[in-house]
Amino acid sequence: MARDSLVRGTGSFFKECEHPRSRWPKCPHPYKIRYRSATGKQLEESGFTDRDKAIGRLTEIYNEKKAAPQARSTERIQKYGTMRFDEYVEEWKAGQRHLAVSSVRHLDSLLEHHLYPALASRRMNSSDHKVVDGFIRIMERNGVGLAKRCPVNDLGRVR
């Protein structure tokens, strides 16, 4: 089975017949396309009568995938942007299924003593790097050491 690829990330089109690639335009067998969905799953579609229709469908899929993250991001901004930090945290915590009791206690303590006093009433869409820098300065001014600042280490991963 020979296969032609387009721009990286678009997908590929091919025919599952014995004919050489040079004969494909005159071959009666349908074209197939193979691509990865937005979730990363490999999918295949068939029944394209000519090369242009197969490429057109791949282009359509590529453009949909390219636009999808923006749409999801816009939805998140609309949902969470006007939400206060403390409201967001409570919703986030409700979705955490695998937190041990001790982790929940530790997180609640950090929230109550450090994060909520500085950020509880702040709207999520009003946070940026300057807000984070200000929060760190407040923690330094209050004498809170690096290990107790927040549940995020220097690489940005939750501990």
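1. Y31 stands opposite F48 in β4. Strands here, like helices, are DSSP runs numbered from the N terminus (E, at least two residues, for strands; H or I, at least four residues, for helices). This is a predicted model, in which local features need pLDDT of at least 70 and side-chain atom pairs count only at pLDDT 80 or more, while totals for chains, interfaces and linings use all residues. Residues are numbered from 1 along each chain as its sequence is written, and side-chain values use heavy atoms, with hydrogens and water left out.

2. Confidence. The average pLDDT (the predictor's confidence in each residue, from 0 to 100) is 82 for the protein, and 82% of the residues score at least 70. Over residues 152–159 the pLDDT is below 50, and this stretch has nine contacts in the model beyond near neighbours in sequence. Contact means heavy atoms within 4.5 Å.

3. Overall layout. The protein has four helices and four strands. Read from the N terminus, the order of elements is β-β-β-β-α-α-α-α. Of the contacts between residues at least 6 apart in sequence, 36% join residues at least 24 apart.

4. Surface and burial. The accessible surface comes to about 11600 Å², with 52% of it belonging to carbon and sulfur atoms. Areas come from the Shrake-Rupley method with a 1.4 Å probe; for residues, only the protein chains shown count as cover. Buried residues make up 25% of the 159 residues. Buried means under 20% relative accessible area, exposed over 50%, and partly exposed in between (1.4 Å probe, protein chains only).

5. Strands β3 (residues 31–36) and β4 (residues 42–48) run antiparallel and are joined by six bridges. Two strands pair if DSSP finds at least two bridges between them. In this pairing, I33 stands opposite E45 of β4. The two strands form a hairpin with five residues between them, and G40 in the turn has a positive phi of about 95 degrees.

6. The other partner of β3. Strands β2 and β3 also run antiparallel, joined by three bridges. S12 has R34 as its bridge partner in β3. How is β3 placed relative to the rest of the structure? Five of its six residues are buried, so β3 is largely enclosed by the rest of the structure.

7. F48. This residue is found in strand β4 and is buried, with a relative accessible area of 13%. What does F48 touch, leaving aside residues up to four places away in sequence? Its contacts are P30, Y31, I33, K53, A54 and R57. The C-alpha atoms of F48 and H29 are 9.0 Å apart in space, and the two residues are 19 apart in sequence.

8. T10. The loop between β1 (3–5) and β2 (12–14) holds T10. Is T10 buried or exposed? T10 is buried, with a relative accessible area of 8%. Not counting residues up to four places away in sequence, T10 touches Y35, L58 and Y62.

9. Helix α2. The buried residues of α2 (residues 85–94) are F85, D86 and V89. They cover an arc of only 95 degrees around the axis, which puts them on the same side of α2. The arc is that of the directions from the helix axis to the C-beta atoms. What covers these buried residues includes α3 (101–119).

10. Cysteines. How many disulfides does a search of the whole structure find? The search finds zero, a disulfide being a pair of cysteine sulfur atoms within 2.5 Å. C17 is in no disulfide, and the nearest cysteine sulfur, that of C27, is 3.7 Å away. C27 is likewise in no disulfide, with the sulfur of C17 as its nearest cysteine sulfur. C17 counts as buried at 15% relative accessibility, and C27 is buried with a relative accessible area of 6%.
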